[in-house]
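I opened the model and kept notes as I went. The entries follow in the order I looked things up.

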Amino acid sequence: MYGKFQQYLQDELKAIEEAGLYKHERNICSPQGAEIILEDGSKALNFCANNYLGLSNNPRLIAAAKKAMDDRGYGMSSVRFICGAQDLHRELEKAVAKYFHTDDAILYAACFDANGGVFEPLLTAEDAIISDALNHASIIDGVRLCKAVRYRYANANMEELENCLKEAQAQRFRIIVTDGVFSMDGNVAPMDRICELAEKYDALVMVDESHSAGVVGPTGRGVAEQFNLYGRIDIHTGTLGKSFGGAVGGFTTGRQEIIDMLRQRSRPYLFSNSLPPMICGAGIELFKMLEESNDLHDKQQENVRYFREKMLAAGFDCKPTQSAILAVMLYDAPLSQKFAARMAEEGIFVTGFYYPVVPKGQARIRVQISAAHEKEHLDKAIAAFIKVGRELGVLK
């Protein structure tokens with residue numbers, strides 16, 4: 001059988017490559033940071049990591065991870081309801097809940113697992129999930145695992161959301177779920193209006209803070225802080241793999257009874273190993289750092305403002321952003337790959353995004369700005385964008 005299946009896969013892979021859609025991975029041989037070393041020994045400035053606060057190689061987090069490994073070991077070798085949780089797990093969960101001003105939190109191996117494990121334990125076929133059309137793949141997959149009735153509204157379209165809420169009055173419970181920041185466009189969900197509609201039509205609210213935590217809001221505490229919605233959002237999910245240190249680990253935080261039920265019935269939690277002690281130790285230290293100072297968030301926000309202004313002044317077509325993500329629109333998939341390859345030759349590490357990651361005809365270079373970037377890094381990237389943009393006919 002494999003011979004026939006192998007031929008099918010070879011044909012599909014060839015078609016992907018011929019269409020200019022094949023994804024190539026570059027190997028990094030250094031810590032993640034503003035400047036990285038690639039496999040061939042060359043150096044590049046990294047503008048496509050989710051390292052929003054520049055903490056992926058932070059000495060305090062590394063030291064905390066090492067100490068936790070020395071004190072609590074390398075791994076847990078099982079799940080929490082079987083072999084128990086360490087004190088570090090509960091301390092990190094309390095830190096997450098404090099940061100988001102919620103009742104409690106539950107840890108997962110990744111936010112993909114948090115989103116995959118949140119709906120099925122809480123909702124049945126009697127209920128409804130109302131989801132933004134541009135929500136992350138993990139939310140889409142989590143919804144698929146649940147038997148609730150599904151509704152979808154166009155990205156941030158409150159008229160469509162209201163129509164969905166009206167239809168969903170036929171169901172017992174309703175939940176609106178949205179990304180806080182949409183990862184391909186960089187826009188922030190209109191959470192104030194979402195919460196108003198939720199209260200009008202008796203619905204719960206869930207937000208994925210993966211790209212908004214550490215970025216959005218006066219001190220980076222996400223959409224609840226941005227829109228002053230503390231106590232009005234029922235569920236937040238998020239990751240430790242972006243702003244919060246850049247390693248692994250996800251979480252769900254929110255109402256006490258919701259978290260309690262997830263501990264009882266959420267399958268990715270019940271059937272996956274607990275986070276290793278080193279991740280918990282570094283995570284605890286991270287939240288201490290964010291309590292001490294807002295300097296990293298302030299620097300990141302200034303970097304975003306500076307970079308966007310310079311790119312627009314150069315003539316690039318950039319989507320509006322309220323986050324650390326800037327989508328430089330090219331529209332053509334092969335062009336986005338060619339552009340990214342030329343940028344690599346200029347020492348700038350960026351990635352072209354194209355279908356199916358974004359809709360057909362919406363190919364782009366997604367730039368992600370970090371607090372680790374200095375002004376000279378930004379200027380070098382801008383100069384490379386202008387040079388390559390002129391070469392490839394993007395700029396006149």
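I started with Y331. I place Y331 in strand β10, which covers residues 325-331. This is a predicted model, and I read every entry with that in mind. I then checked the backbone of Y331: phi is near 75 degrees, a positive value in a residue that is not glycine.

I noted the background. Most residues other than glycine have a negative phi, and most peptide bonds are trans.

I looked up D202 next. D202 also has a positive phi, about 60 degrees, and is not a glycine. I find D202 in the loop between α8 (191-200) and β7 (204-208). D202 counts as exposed, because its relative accessibility is 56% and the cut-off for exposed is over 50%.

I then went to the peptide bonds. Which residue does a cis peptide bond join to P356? The partner is Y355, and omega is about 10 degrees. P356 sits in the loop between β12 (351-353) and β13 (363-368).

Next entry: cysteines. How many disulfides does a search of the whole structure find? I get zero. C48 is in no disulfide; its nearest cysteine sulfur belongs to C29, 15 Å away. C318 is in no disulfide either, and the nearest cysteine sulfur, that of C48, is 16 Å away. The cut-off for a disulfide is 2.5 Å between the sulfur atoms. I checked burial as well. C48 counts as buried at 18% relative accessibility. C318 is buried too, with a relative accessible area of 10%.

I turned to R80. R80 is in helix α3, residues 80-83. The relative accessible area of R80 is 10%, so R80 is buried. I see a polar contact of 3.3 Å between the side chains of R80 and Y269.

Then I traced a sheet. Three strands form an open sheet in the order β1-β2-β11, with mixed pairing. Why is one side of β1 and of β11 left without a neighbour in the sheet? Both β1 (35-37) and β11 (348-349) stand at the edges, and each has a single partner strand, so one side of each has no neighbour there. Strand β2 (residues 43-46) and β11 run parallel and are joined by two bridges.

My last stop was the surface. Y2, F5, Y8, L9, L13 and I16 form a nonpolar patch there. Together they have about 570 Å² of accessible area. I find Y2 in helix α1, residues 2-18.

Key. Residues are numbered from 1 along each chain as its sequence is written. This is a predicted model: local features need pLDDT of at least 70, side-chain atom pairs count only at pLDDT 80 or more; totals for chains, interfaces and linings use all residues. Side-chain values use heavy atoms; hydrogens and water are left out. Patches are made of residues with over 30% relative accessible area and no salt bridge: like charges are joined within 9 Å, nonpolar side chains (Val, Leu, Ile, Met, Phe, Trp, Tyr) within 5 Å. Accessible areas come from the Shrake-Rupley method with a 1.4 Å probe; for residues, only the protein chains shown count as cover. A salt bridge is a side-chain nitrogen of Lys or Arg within 4 Å of a carboxyl oxygen of Asp or Glu. Helices (H or I, at least four residues) and strands (E, at least two) are DSSP runs, numbered from the N terminus. Two strands pair if DSSP finds at least two bridges between them. Buried means under 20% relative accessible area, exposed over 50%, partly exposed in between (1.4 Å probe, protein chains only). A polar contact is a pair of N or O atoms within 3.5 Å; within protein, one must be able to donate a hydrogen and the other to accept it, and residues adjacent in sequence count only if both atoms are side-chain atoms.
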